[in-house]
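Please walk me through this model, strand by strand and then side chain by side chain. Keep it brisk.

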Amino acid sequence: QLQPVESGGGLVQAGASLRLSCAASGRAFNNVVVGWFRQAPGKERVFVAAINWGGSRTAYADSVKARFTISRDNDRNTAYLQMNSLEPEDTAVYYCALSGLKWPSGRENDYPYWGQGTQVTVSS
């Protein structure tokens, strides 16, 4: 059973950077797509970024494409979301999710395994 656990959230000022981590137990981590989603207060959860098992394919939401980078280290069973030039609009709970699909997906329903989330707050 795959269980992702997020870490790395916090409170930062606008323009700062943060790196989120998603660690997952289970031998199957090498074979899953890793996705990041976020949910801002009072809003629905939305797609942020995703990466395929080998790291050769990535996908990003338009709102973060130029600022965020998703990566993974399969030897450590960990994926990362490097977030640069953070804006107050990036404030949200960030969730890591895992999928058995072959290619990155932006659809929540494609991800059966979810973490508990980590809070990112960006002050202006």
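In strand 6, Ala59 is the bridge partner of Ala50. Strands here are DSSP runs of E with at least two residues, and helices are runs of H or I with at least four residues; both are numbered from the N terminus. This is a predicted model, so local features need pLDDT of at least 70 and side-chain atom pairs count only at pLDDT 80 or more, while totals for chains, interfaces and linings use all residues. Residues are numbered from 1 along each chain as its sequence is written, and side-chain values use heavy atoms, with hydrogens and water left out.

Stay with that pairing. Strand 5 and strand 6 (residues 58–60) run antiparallel over three bridges. Two strands pair if DSSP finds at least two bridges between them. The two strands form a hairpin with six residues between them. In its turn, Gly55 has a positive phi of about 85°.

Now look at the other partner of strand 5. Strand 4 and strand 5 also pair in the antiparallel sense, over six bridges. Here Trp36 has Ala49, in strand 5, as its bridge partner. This hairpin has five residues between the strands. Gly42 takes a positive phi near 75° there.

How many residues of strand 5 are buried? Five of the seven are, so strand 5 is largely enclosed by the rest of the structure. Buried means under 20% relative accessible area, exposed means over 50%, and partly exposed lies in between (1.4 Å probe, protein chains only).

Next come the rings. The structure holds five aromatic pairs. Rings of Phe, Tyr and Trp (its six-membered ring) pair if their centres lie within 6.5 Å; planes under 30 degrees apart count as stacked, over 60 as edge-to-face and the rest as tilted. One of the pairs is Phe37 with Phe47, which is edge-to-face, at 5.6 Å centre to centre and 70° between the planes. Phe37 sits in strand 4 (residues 33–39) and Phe47 in strand 5 (residues 45–51), ten residues apart, and the pair links these distant parts of the chain. Phe37 is buried at a relative accessible area of 0%. Phe47 is buried too, at 18%.

Tyr111 and Trp114 make another edge-to-face pair, with 6.3 Å between centres and 65° between the planes. Both residues are buried. One aromatic cluster takes in Phe37, Phe47, Tyr95, Tyr111 and Trp114.

Charges also meet rings. A charge sits over a ring if NZ of Lys or CZ of Arg is within 6 Å of the ring centre and within 35 degrees of the ring normal. Arg45 lies over the face of Trp114, at 3.9 Å from the ring centre.

Turn to the salt bridges. The structure holds seven. Each is a side-chain nitrogen of Lys or Arg within 4 Å of a carboxyl oxygen of Asp or Glu. One joins Asp90 and Arg67 at 2.7 Å, N to O. Why does this pair tie together parts of the chain? Asp90 lies in the loop between strand 8 (78–83) and strand 9 (92–99), and Arg67 in the loop between strand 6 and strand 7 (68–73), so the pair ties together parts that are 23 residues apart in sequence. Asp90 is buried at 1% relative accessible area. Arg67 is buried at 11%.

Asp62 and Lys65 meet at 3.2 Å, N to O. Asp62 counts as exposed, at 66% relative accessibility, and Lys65 as partly exposed, at 47%. Asp110 and Arg107 meet at 3.1 Å, N to O. Asp110 is buried at 18%, whereas Arg107 is exposed at 55%. Shared partners join Arg38, Arg67, Glu87 and Asp90 into one salt-bridge network.

Finish with Thr91. Thr91 lies in the loop between strand 8 and strand 9. Is Thr91 buried or exposed? At 17% relative accessibility, Thr91 counts as buried. Its side chain makes polar contacts (N or O atoms within 3.5 Å; within protein, one must be able to donate a hydrogen and the other to accept it, and residues adjacent in sequence count only if both atoms are side-chain atoms). The side chain of Thr91 reaches the backbone oxygen of Pro88 at 3.0 Å and the backbone nitrogen of Val122 at 2.9 Å. Leaving out residues up to four places away in sequence, Thr91 touches Ala40, Pro41, Gln119, Val120, Thr121 and Val122. Contact here means heavy atoms within 4.5 Å.
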